[in-house]
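This report describes a structure in terms of its local backbone features, helix packing and overall dimensions. The sequence and model are shown first.

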Amino acid sequence: MRALIAALLCLLAGSLHAQDADLLKHVLDELATHARVRADFVQSRENPALVQPQVSKGQLVFVTGHGMLWQVTQPYRETLALTGARTARIDEQGQLQVLRNGDRGVAQVTQMLQSMLSGQPDEALRQFDVQTRGNAAHWTLRFTPRQERMSRVLRAIELSGDTFLQSIQVEMQSGEITDIAFSGTRDAGALSPIESRALGMP
Amino acid sequence: MNTRGLTLRALLFAGFALGMVLLGAWQLFGRGPLPIQTDLLAMLPVTERHPLAEAAVERLAHANGDRMVLVVVDADDAKAKDAARALGKALTATNAFSSVIAELPDFDLNQFIAPYLPYRFSLLSDADRANLAHPQYNASQTLARRLNEPFLAGVGTRVQDDPFGWLQRWMDQQPWSRSPLVPEDDLLTAHRDDLTYVMVIANLRGSSYDDGVQRVALEALDRAWHGVERDYQGVQLLRTGAVFYAAAARAGAERDVHVVGLASTLGIALLLLWTFRSPRPLLVAFLSTAIGVVSALAVTLLVFGQIHLLTLVFGAALLGEAVDYSIQYLCARAYAGTGWQPQRGARQVRPALLLALGTSLLGYALLGLVPFPALRQMACFAMVGMTVACLSVFWLLPALAASPSTRALTPALITISWAWQRRVARLAQGRTGAALFVLVIALAIPGWLRLGHDDDIRLLVTPPAALTQQEARIRDITGIGNVSQFYLVTGDTPEQTLQREEALEQRLQALVAQQQLDGWTGVASMVPSAERQHDNQSALAPLFAPGAALDATLQQAGIKASIAEAYLAGWPGRVLKIDDWLSMPLSLPFRYLWMSQSEHGYASIVLPQGQNDADILRSATNGLQDTHLVDKPASVSALFGRYREYASLWLLAALLLVGAVFAWRYGRSAVRVMVPPLLGIGLTMATFGYLGEPLTLFHWMALMLVLGVGANYAVFLREGEPHTAHLPGASYASVLLSAVTALLSFGLLGLSTMPALQHVGITLLLGIGITALFAPASLSASETYS
């Protein structure tokens with residue numbers, strides 16, 4: 001995740017004000033030291049159709065250049081592999097079942113976010129304006145859609161952190177708000193064979 | 001017949017000619033757009049057994065037909081987009097297009113989804129249908145997964161409309177979700193290899209094949225792009241659309257008509273002036289030929305409604321053959337000197353001309369039997385042109401060339417002719433002749449053995465490489481472009497058609513799983529058959545059954561009671577019918593895939609992607625009813641091959657026919673008369689063998705013409721010889737004159753941009769040349785030296 005943000009910020013740096021660029025560079029240097037990261041997450045979602053927020057918990061594995069594994073442990077168990085534009089589910093036997101493959105259109109925003117988070121942010125950067133807030137010890141990046149069409153659906157995506165990425169918040173125009181908080185961010189260490197395979201690693 | 005009768009007949013013929021001119025002019029200019037066909041597809045023969053297949057081929061070609069697909073390319077994203085916007089504005093400002101789409105209109109994602117909501121319980125992805133059939137299907141887990149999707153859930157269908165995500169997953173499979181083009185900054189954009197591609201579409205104000213529309217649109221694009229290029233230096237433009245191909249074909253053919261027509265006219269004029277040393281014969285010959293060509297044009301237009309460019313080019317070359325008849329007559333006049341009587345002259349050349357016309361008509365009639373629209377037109381054009389030109393010699397020329405010729409034929413021509421004639425005739429007699437004939441044949445045999453063949457469709461259709469490359473690149477990037485291989489699924493009812501298409505899609509799915517296919521686009525994936533939709537509903541029905549407590553499942557997951565209730569109230573909804581789909585705006589880009597009822601029922605076109613091997617594609621249709629792979633280029637090539645084989649048999653048959661006619665007229669000497677055309681055909685083939693040039697259908701067609709023309713020369717020579725006994729070599733001189741005019745016009749066809757015409761031209765050049773040189777061999781010693 002840090003490496004991802006590093007890559008992201010690298011690309012952003014050119015278009016930002018000097019002081020923002022300094023802050024970004026600092027954040028990047030901090031984050032860019034790890035290529036494989038593991039973190040626990042809690043995702044909480046509010047939606048006008050829901051009486052109370054949906055909460056799911058699990059573990060995220062991020063590998064630069066390969067994508068991420070989203071392993072939900074509560075309220076159900078499921079592992080999703082998000083690699084580029086593809087989303088696959090890994091079943092109990094470790095078999096990959098492709099859910100989405102390179103499709104666009106209505107799924108565009110999901111994929112844009114996924115591609116941004118899986119280390120290919122150039123497409124995302126074409127579509128978002130970015131504002132920075134805070135300082136090296138506590139920073140926030142706010143992405144707002146540049147296009148009218150997308151901004152009708154998506155209000156903003158906010159990333160914040162200190163030495164690590166701490167949270168992602170996705171605000172939809174429909175009133176849906178998804179808040180993902182990370183904790184215990186650490187080096188991923190060796191991946192299990194299933195994890196490697198799911199991410200398409202040798 | 002007296003002079004009055006002569007004049008009367010000439011006047012009648014002039015009236016006929018005037019009528020033809022008026023008829024031709026009215027058809028060309030008096031009925032709206034110029035009836036000149038530039039559509040390459042229109043030249044191709046009907047190859048498909050199923051009548052709807054041809055309609056489908058045409059429909060696919062025109063789906064991208066009446067518009068320009070333009071793609072602006074640059075490494076700099078912002079520059080590419082600005083340039084595309086500027087191009088869109090500039091094109092709109094030209095007012096040459098009915099609409100220009102660069103910046104997308106404002107639209108809401110929900111507008112796409114809302115029309116599908118009434119049908120949401122009838123539409124399931126394959127994976128969902130399979131999962132639902134599972135006895136342990138867990139609806140609450142599907143719901144939980146949907147509600148807890150990573151990052152966001154609310155793009156696409158809303159939770160309240162589709163809490164389980166069934167409709168969403170079905171929509172994810174739809175072709176528009178797979179388009180590589182993404183709306184970015186309100187432009188349709190793709191990114192590939194560090195380049196940004198931005199699409200601009202300009203719809204024409206009419207057909208791509210309409211001369212006026214074509215011109216206006218291309219000029220407008222040139223002007224608009226010129227400005228954009230100046231303001232955004234270095235940006236690239238890719239273009240495709242039928243209009244570019246049609247314009248290229250038109251330009252090529254126009255060039256051909258000009259080169260062949262002008263050069264041959266000029267060449268023939270100079271030759272005739274030099275030979276007859278007087279302008280009158282020249283004018284008379286040209287008038288006769290012009291009446292022939294104009295009549296040919298008028299009748300062809302009357303029969304076919306329009307004339308293909310290919311026919312026009314061929315017609316320009318036909319000048320050289322049509323002028324032969326008047327040359328024979330004018331030569332007779334020149335030889336007769338002061339004793340010239342127009343009536344007697346006409347009687348004198350009549351047998352030769354009729355025999356020559358007969359063999360020519362025979363040759364062209366065989367050409368007309370080939371089921372290629374372009375060849376049929378050419379045959380019709382040639383037969384009418386030749387007949388009228390020949391008749392003009394009998395009816396018009398006696399009046400126009402009534403006075404005796406004041407000047408004899410250029411002596412040089414006769415001297416040269418006589419010298420060659422004597423030489424050839426001497427060598428062609430007795431044992432020497434037989435031995436030489438055997439020797440020539442022996443030399444030709446290795447050439448014949450080396451002959452290959454070529455049936456490529458590009459003989460007829462050769463779009464410029466630059467255009468096909470751009471089209472391939474655009475297809476690669478945007479998925480938009482012409483396809484020549486597709487499946488055609490037919491049925492008596494829409495339901496039957498869709499069910500058959502679903503059976504095919506199952507096979508295609510297997511090919512995709514084996515990585516032999518990237519995917520496909522077909523209507524059944526957008527409108528499943530009613531049967532499939534009922535299956536989908538049945539798969540969901542247990543969940544919606546009163547005892548299943550889906551309401552409780554929804555509420556336990558945290559869905560508001562009112563929303564759960566509203567969702568359940570929507571069950572079971574409706575089945576999506578083809579007409580419902582056709583009326584949705586989202587179906588617009590895909591409507592051309594569905595062919596509504598005709599006398600042959602319904603049909604659906606399925607476009608495979610990512611596989612060119614026809615055998616693999618065809619394997620998917622094995623055992624499926626009324627499902628065919630249509631591969632137009634392959635069908636046309638196969639047809640070329642088949643007719644190439646037939647053509648060789650026809651040539652043999654024609655040789656026998658001509659031989660029979662000669663035997664009737666010349667008795668045993670017929671063998672000798674056949675020698676020049678036989679050598680012309682045989683040696684031409686041997687030359688192609690030695691040159692390694694594969695024979696095509698068009699070579700064989702041309703050989704048929706060589707036979708026709710070659711037989712003419714033998715006939716002219718034999719028939720003319722008794723009348724020119726006082727002037728040795730004169731008869732052969734008139735044959736050579738005919739041959740040179742034919743070479744001037746047909747030979748120039750060898751310069752054509754169209755491979756088919758080029759082959760015809762080169763074959764005729766060689767064949768006629770050789771035949772003319774060997775023509776004196778057709779005379780026996782007694783005839784040469786009498």
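This is a predicted model: local features need pLDDT of at least 70, side-chain atom pairs count only at pLDDT 80 or more; totals for chains, interfaces and linings use all residues.

Phi of Gln515(B) is near 60°, a positive value in a residue that is not glycine.

## Cis peptide bonds

In chain B, the peptide bond joining Trp571(B) and Pro572(B) is cis, with omega about -5°. Pro572(B) is placed in the loop between helix H21 (561-569) and helix H22 (578-582) of chain B.

In chain A, a cis peptide bond runs from Gln74(A) to Pro75(A), and omega there is near 5°. Pro75(A) sits in the loop between strand E3 (67-74) and strand E4 (78-83) of chain A.

Helix H10 (residues 279-304) and helix H13 (residues 373-395) of chain B pack with their axes 7 Å apart, at an angle of about 140°. H10(B) and H13(B) are therefore oblique to each other, because an angle has to be over 145 degrees to count as roughly antiparallel. The crossing of H10(B) past H13(B) is right-handed. Residues of H10(B) that make the contact include Ser288(B), Gly292(B), Ala296(B), Val299(B) and Val303(B), and those of H13(B) include Gln377(B), Phe381(B), Val384(B), Gly385(B) and Ala389(B).

## Packing of H25 and H26

Helix H25 (residues 670-691) of chain B and H26(B) have axes that come within 8 Å and cross at roughly 150°. This angle makes H25(B) roughly antiparallel to H26(B). H25(B) passes H26(B) in a right-handed crossing. On the H25(B) side, the contact residues include Val673(B), Pro677(B), Gly680(B), Ile681(B) and Phe688(B); on the H26(B) side they include Leu703(B), Val706(B), Gly710(B), Ala714(B) and Arg718(B).

Phe698(B) belongs to helix H26 (residues 697-720) of chain B. It counts as buried because 25 C-beta neighbours lie inside 10 Å. Between Phe698(B) and Gly519(B) the separation is 179 residues in sequence and 39 Å in space, C-alpha to C-alpha.

## Overall architecture

Chain B contains 29 helices and 13 strands. Its radius of gyration is 35 Å, whereas a compact globule of 786 residues would have one near 28 Å. Along the principal axes, the C-alpha atoms of chain B fill a box of roughly 120 × 55 × 50 Å. Buried residues account for 49% of the 786 residues in chain B. Among the contacts in chain B with a separation of 6 or more, 81% involve residues 24 or more positions apart.

Chain A comprises six helices and 11 strands. Of its 202 residues, 42% count as buried. Residues 24 or more positions apart supply 45% of the contacts in chain A with a separation of 6 or more.

## Confidence

The model scores ipTM 0.82 and pTM 0.73. The mean pLDDT of chain B is 85, and 95% of its residues reach 70 or more. Within chain B, confidence is highest in helix H18 (residues 494-513), at a mean of 93, and lowest in helix H29 (residues 781-785), at 60.

Conventions:
Residues are numbered from 1 along each chain as its sequence is written. Chains are lettered from A and ligands numbered from 1 in the order in which they are written. Helices (H or I, at least four residues) and strands (E, at least two) are DSSP runs, numbered from the N terminus. The radius of gyration is taken over C-alpha atoms; the globule rule is 2.2 Å times the number of residues to the power 0.38. A residue is buried if 20 or more other C-beta atoms lie within 10 Å of its own, exposed if 12 or fewer, and partly exposed in between; C-beta atoms are placed from the backbone. Two residues are in contact if their C-beta atoms, placed from the backbone, lie within 7 Å. pLDDT is the predictor's confidence in each residue, from 0 to 100. Axes are lines fitted to C-alpha atoms, for helices over the stretch in contact, and angles run from 0 to 180 degrees between N-to-C directions. Angles under 35 degrees count as roughly parallel, over 145 as roughly antiparallel, 65 to 115 as roughly perpendicular and the rest as oblique. A crossing is left-handed if the near helix is turned anticlockwise from the far one by less than a right angle, and right-handed if clockwise.
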